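Here is a short report on one protein model. Keep the sequence and the 3D view open as you read.

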Amino acid sequence: RAARPPHLSHFCVHCPGLEFRRTAPKIVATDAHLVLLCVPIHPNSTTGASDWDYFVYSPRAQRLDLLPNPDPIWLDDPATALISRQDGACYVVAALGNGNSLYDGNALIRCEFHLHLYRSSSNSKAWISKRLSLNKFKRDKLIPLPAAVERLYHETGKTITIGGEHGTVAWVDLWRGIFFCDVLKKRPRLGDVPLPVPARSNWIASSEMVTPAISGT
């Protein structure tokens with residue numbers, strides 16, 4: 001049952017004859033009146049992409065769409081967004097994945113990412129991937145990583161669908177910054193916005209890169 005915020009919505013996934021032993025169905029993302037959820041396809045499913053089916057559910061239209069399996073693409077739940085288009089008549093699923101990084105010694109020269117897209121309005125009905133690069137590292141000047149911390153330049157902890165004409169999505173690293181991207185443009189680019197420098201009382205946690213708690217939606 002779907003309800004308008006701030007009321008709670010309740011979802012039940014019923015798969016006759018299937019017991020979820022190791023994992024359970026989960027909601028990955030929502031936008032407007034649409035819900036992206038994934039369901040294990042057999043009792044012993046693990047975290048591999050081939051072990052899950054992805055669905056987009058529209059409570060308003062009472063429609064459940066099965067998406068093509070993204071395998072071999074692996075979708076990271078916190079880095080996956082759902083974008084409603086034309087009042088829910090069509091939609092886009094956008095996920096950001098880490099690619100290879102180029103170093104000169106210990107100096108980072110270029111970070112690469114993969115933007116994985118599925119458009120319900122596409123005739124191909126298939127996932128596509130686009131490579132995104134970043135070669136200016138603003139965060140390292142404001143919040144440099146301690147030498148003892150092994151951490152990627154960006155680790156998404158929260159994804160926010162902003163929407164608009166070009167389908168803007170924000171991927172948030174809760175310690176270091178936000179990537180903005182107009183995912184529906186022909187040549188999407190990453191915009192890197194560093195977060196403000198932590199308050200002095202938070203510097204110890206910041207230096208250890210303890211993941212902050214997330215509140216709200």
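In β10, Thr159 has Trp171 as its bridge partner. Ile160 stands opposite Ala170, also in β10. Strands here are DSSP runs of E with at least two residues, and helices are runs of H or I with at least four, numbered from the N terminus. Two strands pair if DSSP finds at least two bridges between them.

β9 and β10 (residues 168-173) are joined by five bridges and run antiparallel. They form a hairpin with four residues between them. Gly164 lies in the turn and has a positive phi of about 85 degrees.

This is a predicted model, in which local features need pLDDT of at least 70, side-chain atom pairs count only at pLDDT 80 or more, and totals for chains, interfaces and linings use all residues. Residues are numbered from 1 along each chain as its sequence is written, and side-chain values use heavy atoms, with hydrogens and water left out.

## The open sheet

Which strands make up the open sheet, and in what order? Four strands form it, in the order β9-β10-β11-β12, with antiparallel pairing. β9 (158-163) and β12 (190-194) are the edge strands, and each pairs on one side only.

Neighbouring strands of this sheet are turned by 20 degrees against each other on average, direction ignored. For such angles, axes are lines fitted to C-alpha atoms (for helices, over the stretch in contact), and values run from 0 to 180 degrees between N-to-C directions.

## Aromatic pairs

The structure holds four aromatic pairs. Rings of Phe, Tyr and Trp (its six-membered ring) pair if their centres lie within 6.5 Å; planes under 30 degrees apart count as stacked, over 60 as edge-to-face and the rest as tilted. One of the pairs is Phe11 with Tyr57, which is edge-to-face: 6.0 Å centre to centre, with 85 degrees between the planes. This pair links distant parts of the chain, 46 residues apart. Phe11 is in the segment before β1 (26-31), and Tyr57 is in strand β3 (residues 52-58).

Phe11 has 35%, so it counts as partly exposed. Tyr57, at 26%, is partly exposed too. Tyr118 and Trp127 form a tilted pair, 5.6 Å centre to centre and 45 degrees between the planes. Tyr118 is buried at 4%, and Trp127 is buried at 13%.

## Charges over rings

A charge sits over a ring if NZ of Lys or CZ of Arg is within 6 Å of the ring centre and within 35 degrees of the ring normal. Lys26 has its charged end over the ring of Trp52, 4.8 Å from the centre. Arg139 does this with Phe179, at 4.6 Å.

Key
Buried means under 20% relative accessible area, exposed over 50%, partly exposed in between (1.4 Å probe, protein chains only).
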